Amino acid sequence: MERENFASKVGAILAAAGSAVGLGNVWRFPIETGQNGGAAFIIIYIICIIVLGLPIMISEFLIGRYTHSNTAGAYRILSDGSPWKWVGRLGVFTGWFILCYYSVVGGWTMHYTFLSADNVFSGVPAKEFGDIFDGFASNPWKPLFWLYLFIGIIHFVITKGVQSGIEKSAKLMMPTLFIITVVLTVCSVSLPGASKGLEFLLKPDWSKVDSGVILQAMGQAFFSLSLGMGCLCTYASYFDKKTPLGKTAVNVSLIDTFIAIMAGFIIFPSVFNIGMNPNEVGVGASLTFISLPNVFQHAFGDGSILAILFSTLFYFLLFVAALTSAISLHEVATAYVTEEFKLSRKKGAAIVTLTILVLGTLCSLSFGPLSDVKVFDRNFFSMFDDFSGMVLLPLGGMLISIFSGWVLDRQLYRNEISNGGDLRTPYFKLLIFSLRYIAPIAIGLVFLGQLGVFELIGMQ
Ligand code: PHE
């Protein structure tokens with residue numbers, strides 16, 4: 001079967017950036033930054049990206065592009081029959097797994113876009129936003145409708161193929177996302193009292209930085225750059241031989257970090273404008289679907305056109321960010337099924353979509369009719385979320401760095417990142433050093449931290 005490539009370098013960067021920019025940029029990064037030392041946290045985050053993120057991203061790119069294969073096939077080709085081939089399979093499994101709960105939230109962002117546009121939030125007392133969200137999420141039908149619509153859109157893009165589906169949609173959606181981000185940022189920073197919000201986000205406070213904060217920054221950098229599984233490897237399998245891997249990785253990281261910081265510029269001026277305590281806005285779903293609809297409504301004038309527009313654009317932005325990430329997750333599984341089982345793209349995508357429909361339904365219903373069903377002491381949604389974030393991603397990241405630092409042939413590595421000697425790679429030795437020593441140890445610590453091992457032995 002003829003394998004497609006991305007048609008342009010810009011398309012390749014935008015697709016990979018689309019994977020990276022997602023819910024994590026908006027519903028986690030800004031609040032983590034504000035609470036953990038502002039600019040001090042941002043500096044640590046950027047160091048994590050340079051020291052760990054870039055080397056692993058470049059390795060994942062290289063593994064994908066060199067083998068021109070889905071992630072499971074890529075590691076199989078490079079592992080020469082050794083058990084390292086399991087790293088690729090783990091990456092495929094992880095992507096599949098994340099997509100199940102990620103799509104549920106993708107559906108919520110669509111629903112909230114429509115609620116905002118319909119001016120449903122006007123005149124709602126602050127304490128009722130929680131009831132609105134809980135009422136929606138626990139409803140047996142409504143979230144499923146949005147989940148299926150969200151999955152339907154992903155399926156449509158994936159079946160169109162690499163160039164006319166993934167690349168074309170990234171070329172449309174990433175500039176849209178960028179423009180909306182800029183518009184929302186400008187509106188938000190012009191609010192009275194905005195400077196207090198910016199101060200909360202940016203004022204460096206090194207006293208807040210401890211080992212826990214550093215681990216948090218590493219974990220966030222990892223999730224945000226879509227590392228540790230099969231996304232970047234799969235996308236890179238569609239890069240052509242001339243794509244500069246190092247430069248592409250730097251561009252993707254820059255775009256991802258820029259959007260994450262701008263998300264803070266969008267959120268905190270409004271929070272301070274209405275005199276809310278930023279430590280009470282919550283994180284994740286409660287921040288996004290309970291605190292922020294209220295915050296935006298009151299910061300821009302309850303029921304005003306500006307409030308409607310701002311809120312609608314904000315949820316649309318989240319929807320676009322979630323969609324481009326979800327597409328990349330679906331592609332990991334689709335490329336795997338299609339290539340490993342020699343099926344047509346249509347059939348491969350349909351199988352993946354069906355599984356996501358079933359497992360996504362379980363995740364969605366775990367806020368309502370299935371809330372009492374527990375797996376490992378968690379409802380389905382939290383089980384998928386926690387297991388992928390706390391176990392699968394750090395484990396995958398650690399194995400990928402060890403594999404690329406210790407197992408992959410050095411000459412092959414150098415040859416690939418320099419595009420056969422065409423590009424200068426003065427950073428090569430540092431990169432290998434990080435992959436061999438720094439990354440596995442650092443990610444190992446994040447792993448132990450997330451599993452609560454430090455608390456258990458009284459170190460935190
Ligand atoms: N990077 C995405 C985000 O920030 C999430 C994601 C993780 C997407 C892993 C793909 C793979 O939300």
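## Terms and model

A polar contact is a pair of N or O atoms within 3.5 Å; within protein, one atom must be able to donate a hydrogen and the other to accept it, and residues adjacent in sequence count only if both atoms are side-chain atoms. The model is predicted: local features need pLDDT of at least 70, side-chain atom pairs count only at pLDDT 80 or more, and totals for chains, interfaces and linings use all residues. Residues are numbered from 1 along each chain as its sequence is written, and side-chain values use heavy atoms, with hydrogens and water left out.

Begin with S226. One of its polar side-chain atoms lies 3.1 Å from a nitrogen atom of the ligand. Y102 also uses a polar side-chain atom, which lies 2.7 Å from a ligand oxygen atom. G24 uses its backbone: an N or O atom there lies 2.9 Å from an oxygen atom of the ligand.

How much of the ligand does the protein cover? On its own, the ligand has 320 Å² of accessible area (Shrake-Rupley method, 1.4 Å probe). The protein covers 100% of that area.

## The shell around the ligand

The shell holds 14 residues. The closest are A20, L23, G24, Y102 and F223.

Helices here are DSSP runs of H or I with at least four residues, numbered from the N terminus. The largest share, three residues, comes from α2. By class, the shell has seven nonpolar, seven polar and no charged residues. Nonpolar means Ala, Val, Leu, Ile, Met, Phe, Trp, Tyr, Cys or Pro; charged means Asp, Glu, Lys or Arg; the others, Gly among them, are polar.

## The largest cavity

Where does the ligand sit? The space it takes is the largest cavity. To sit there, a molecule needs more than half of its atoms within 2 Å of the grid points. A cavity is a set of points, on a 1 Å grid over the protein atoms alone, where a 1.4 Å probe fits but cannot get out; lining residues have an atom within 4 Å of a point.

The volume of this cavity is about 160 Å³. A volume is the space filled by probe spheres set on the points, which are joined across faces, edges and corners. The lining has 19 residues, and S19, Y102, F223, S226 and S325 are closest to the centre. Eleven are nonpolar, eight are polar and none is charged.

## The second largest cavity

The whole structure has three cavities of 30 Å³ or more. Six lining residues are nonpolar, three are polar and none is charged.

## The largest pocket

A pocket is an open set of points with protein on both sides within 12 Å along at least five of seven lines. The largest pocket has a volume of about 910 Å³. It is lined by 34 residues, and R28, E32, G389, M390 and Q450 lie nearest its centre. α11 gives the most, with eight residues. This lining has 18 nonpolar, eleven polar and five charged residues.

Definitions and conventions:
A residue is near a molecule or strand if one of its heavy atoms lies within 4 Å of it. Helices (H or I, at least four residues) and strands (E, at least two) are DSSP runs, numbered from the N terminus.
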